[in-house]
Amino acid sequence: MFGNYLIGLREGLEASLVVCILIAYLVKTDRRDALRPIWTGIAVAVLLALGFGCALEFGSQEMTFEAQEALGGSLSIVAVGLVTWMVFWMRRTARHLKSELHGKLDAALAMGTGALVATAFLAVGREGLETALFVWASVHAASDGTPRPLIGVALGLATAVLLGWLFYRGALRINLAKFFTWTGGMLVVVAAGVIAYGVHDLQEADWIPGLRNLAFDISGAIPPDSWYGTLLKGVFNFQPDPTVLQITVWALYLVPTLAIFLAPVGFASGKGKVKVPDEQGSHESQPSKTS
């Protein structure tokens, strides 16, 4: 459940920051008349993400077992690829996010209502689709027959919305650079479990071999239905009897990706520190409401 909460929090907060920047800029420049098209674009983006998630969930239920496993495994790998790109992209470009959005918004204001709707839709829609895909893959991997994975995601998204509102009101200040670094690193760990489970799905679909070639089996020491087995599965997508290929893929993804992500240089100026989301000297700035 914690892993799914982290996904909802991390992905939802990025979308919340985008919304805060757009709304705060319009209020600051006294363009409140443009708020309705912005909210329309955001609403359409949210509905698209929800529809995409529902299509994945209910569409897969009509398939055979092998087809379900093949789809789940393939989309899990795609989701991990997208989330990995997003984590690195956010760390590399977050300090320019505010000025980039302001530039797009200025151009949209000059073009009219349709451009405003499209700007908000594109800014939030990409995050929404990536989140829907990764959440579906993670819930599919961690599903234990209970609603806990979905509850975790919902709580994470609710927390992200609350934090975004507090940022906008100027009631909360946190070091967002450190926040995105730590949550990004934890998300890489979660993604490693998702990609390993995706490989297992593809093995069950008979797309790749090695389903019976187990690396180890500690089901006796850590029963999958025990509270600690459930906890490990919910947080890390832990499996007590993984195949050799699962362990290999897990290690080949996790070790280099985490090492590169946590490297002090190479992804942002200032020895890896990122300014989010403002461009001022402090690393703890946020969009503020201006009367």
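Predicted model: local features only at pLDDT ≥ 70, side-chain atom pairs only at ≥ 80, totals over all residues.
Me: What makes up the secondary structure of the protein chain?
Reply: The protein chain has nine helices and zero strands. Read along the sequence, the pattern is α-α-α-α-α-α-α-α-α.

Me: How many of the residues are buried, and what share of the contacts joins residues 24 or more positions apart?
Reply: Of the 291 residues in the protein chain, 48% are buried, where buried means under 20% relative accessible area. Among contacts with a separation of 6 or more, 81% are between residues 24 or more positions apart.

Me: Which residues does UniProt list as "transmembrane region"?
Reply: The unreviewed UniProt entry lists 6-26, 38-58, 70-88, 108-129, 149-167, 179-199 and 247-267 under that name. Such annotations may be inferred rather than shown by experiment.

Me: What does the model show for residues 6-26 and for residues 149-167?
Reply: Residues 6-26 are 100% helix and 0% strand, with end C-alpha atoms 30 Å apart. Residues 149-167 are also 100% helix and 0% strand, and their end C-alpha atoms lie 27 Å apart.

Me: Why is the pair F88 and F261 called edge-to-face?
Reply: The ring centres are 5.5 Å apart and the planes stand at 85°. The cut-offs are centres within 6.5 Å for a pair and planes over 60 degrees apart for edge-to-face. A search of the whole structure finds one aromatic pair.

Me: Which residues have the most contacts inside the largest nonpolar core?
Reply: The largest nonpolar core has 26 residues, and those with the most contacts inside it are I7, V80, F134, L187, V190, V194 and Y253. At least two residues of this core come from each of α1 (2-28), α3 (65-93), α5 (113-142), α7 (176-204) and α9 (244-261). There is also a second, separate core of 23 residues, with V19, L22, I23 and A34 among them.

Me: Which residues are in contact with Y253, leaving aside its neighbours within four places in sequence?
Reply: With those neighbours left aside, Y253 is in contact with V80, T84, V188, A191, A192 and I195. Contact here means heavy atoms within 4.5 Å.

Me: How do you know that the buried residues of α9 line one face of the helix?
Reply: The buried residues in α9 are Q246, Y253, L254, T257 and F261. Seen down the axis of α9, they fall within an arc of 95°, so they line one face. The face turned away from this buried side carries the exposed residues L252 and V255.

Me: How does the length of α9 compare with what is expected at 1.5 Å a residue?
Reply: α9 has 18 residues and reaches 26 Å from first C-alpha to last, close to the expected 26 Å.

Me: Why is E69 called buried?
Reply: E69 has 7% relative accessibility, and the limit for buried is under 20%. The value is below that limit, so E69 counts as buried. E69 is in helix α3. Apart from neighbours within four places in sequence, E69 is in contact with D201, L202, E204 and A205.

Me: Why does T243 count as buried?
Reply: T243 has 1% relative accessibility, against a limit of under 20%, so T243 is buried. T243 is found in the loop between α8 and α9. Leaving aside neighbours within four places in sequence, T243 is in contact with Q203, G210, L211, N213, L214 and A215.

Me: Why is P209 called exposed?
Reply: The relative accessible area of P209 is 68%, and exposed means over 50%. P209 passes that cut-off, so P209 is exposed. P209 sits in the loop between α7 and α8 (227-236). Leaving aside neighbours within four places in sequence, P209 is in contact with Q203 and L245. P209 and L245 are 36 residues apart in sequence and 8.8 Å apart in space, C-alpha to C-alpha.

Me: Is F179 buried or exposed?
Reply: F179, in helix α7, has a relative accessible area of 16%, which is under 20%, so F179 is buried. F179 and R10 are 169 residues apart in sequence and 9.1 Å apart in space, C-alpha to C-alpha.

Terms used: Residues numbered from 1 in each chain as written. Heavy atoms only, no water. Helix = DSSP H or I, 4+ residues; strand = E, 2+ residues; numbered from the N terminus. Core = buried A, V, L, I, M, F, W, Y, C linked by side-chain atoms within 4.5 Å. Buried < 20%, exposed > 50% of the residue type's maximum accessible area, 1.4 Å probe, protein only. Phe/Tyr/Trp six-rings, centres within 6.5 Å; stacked < 30°, edge-to-face > 60°. Expected span 1.5 Å × (residues − 1). Arc of directions from axis to C-beta.
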